[in-house]
Amino acid sequence: TYQVKISNEKGLVESSLAEVTVKQFSGYSIPVTRIKPLIDGHQDGEWKNSPRIHLKNLITGSRDNPKDLGGWFSAKWDSENLYLFIRVFDDILSNKASIDHLKDGIEVYLDLDNSKSPFYGDDEFQFRVVLDEDRVTSAIGSRVPNTQCAQSRLSDGYQIELAIPWEGMGVSDTPGRFLGLDVHVNDNDGHTRDGKVAWWAKRDNSYQTPGVFGTVELEK
């Protein structure tokens, strides 16, 4: 319980009492891995047994059903990288658009100190991978060198695998570290974006503020 008291020669002013309650984190904990994933765009054995976080929030546009636009992701970490495996369900694949965020593809948002800042700083990043392009780009935040990416098309969508190096982001791995995180999927059924789903966001403003990212913990 906290209280502020301010005084001078003319008297004393006291604030009302403010109670702060700290609870144990009950959100998603990213497991540590001792087997480094091979970044090849395929769901190897380690990924098949990993917990999945489903992308349920439609944040812009529309979708007919989860087969038209849906997905899940899994995450792991070790001393070198943060690893993500993103599975997208999409019945019509298209990268026919002049702007990357209007093509089929994914966006990963990351805040290294989970500050929930209203503005992007040096430790907040957006990573984008477009369908059929094995490279990571971003219009927000610094470029992170040596980021690895691979993907593969499937009969009902596609999947993308990422390895993002801690060193390239200017931090070291820290068990118990809290991260701001979100994963989005863009859907293009022809020549422009038709819809977008996310894990945590409720509307499409993560590119404007890290304050709307979800929170995860690196397993201790």
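Reader: Where does Val20 lie?

Author: In this predicted model, Val20 lies in the loop that links strand S2 (11–14) to strand S3 (28–30).

Reader: Why is Val20 called exposed?

Author: Its relative accessible area is 55%, and exposed means over 50%, so Val20 counts as exposed.

Reader: What makes the nonpolar surface patch that includes Val20?

Author: Tyr2, Val20 and Val22 make it, and it covers about 380 Å². Nonpolar side chains are joined into a patch within 5 Å, provided each residue has over 30% relative accessible area; Val20, at 55%, passes that area cut-off.

Reader: Moving inside, which residues touch the most other members of the largest nonpolar core?

Author: Phe73, Ile106, Val108, Leu162 and Met169, out of 36 residues. Strands that each supply at least two residues of this core include S3, strand S8 (105–111) and strand S12 (178–188). There's also a second, separate core of seven residues, with Trp47, Trp72, Phe85 and Ala163 among them.

Reader: What is Leu162 in contact with, leaving aside neighbours within four places in sequence?

Author: Its partners include Ile39, Leu82, Leu84, Ile106, Val108 and Cys149. Contact here means heavy atoms within 4.5 Å.

Reader: How do you know that S7 and S11 pair?

Author: Pairing takes at least two bridges. Nine join S7 to S11, so the two count as paired, and they run antiparallel. Asn81 stands opposite Pro165 in S11.

Reader: And why are S4 and S10 called edge strands?

Author: The open sheet has the order S4-S6-S7-S11-S10. Strand S4 (53–54) and strand S10 (148–154) each pair on one side only, which is what makes them the edges.

Conventions
Residues are numbered from 1 along each chain as its sequence is written. This is a predicted model: local features need pLDDT of at least 70, side-chain atom pairs count only at pLDDT 80 or more; totals for chains, interfaces and linings use all residues. Side-chain values use heavy atoms; hydrogens and water are left out. Patches are made of residues with over 30% relative accessible area and no salt bridge: like charges are joined within 9 Å, nonpolar side chains (Val, Leu, Ile, Met, Phe, Trp, Tyr) within 5 Å. Accessible areas come from the Shrake-Rupley method with a 1.4 Å probe; for residues, only the protein chains shown count as cover. A salt bridge is a side-chain nitrogen of Lys or Arg within 4 Å of a carboxyl oxygen of Asp or Glu. Helices (H or I, at least four residues) and strands (E, at least two) are DSSP runs, numbered from the N terminus. Buried means under 20% relative accessible area, exposed over 50%, partly exposed in between (1.4 Å probe, protein chains only). A nonpolar core is a set of buried Ala, Val, Leu, Ile, Met, Phe, Trp, Tyr and Cys residues joined through side-chain atoms within 4.5 Å.
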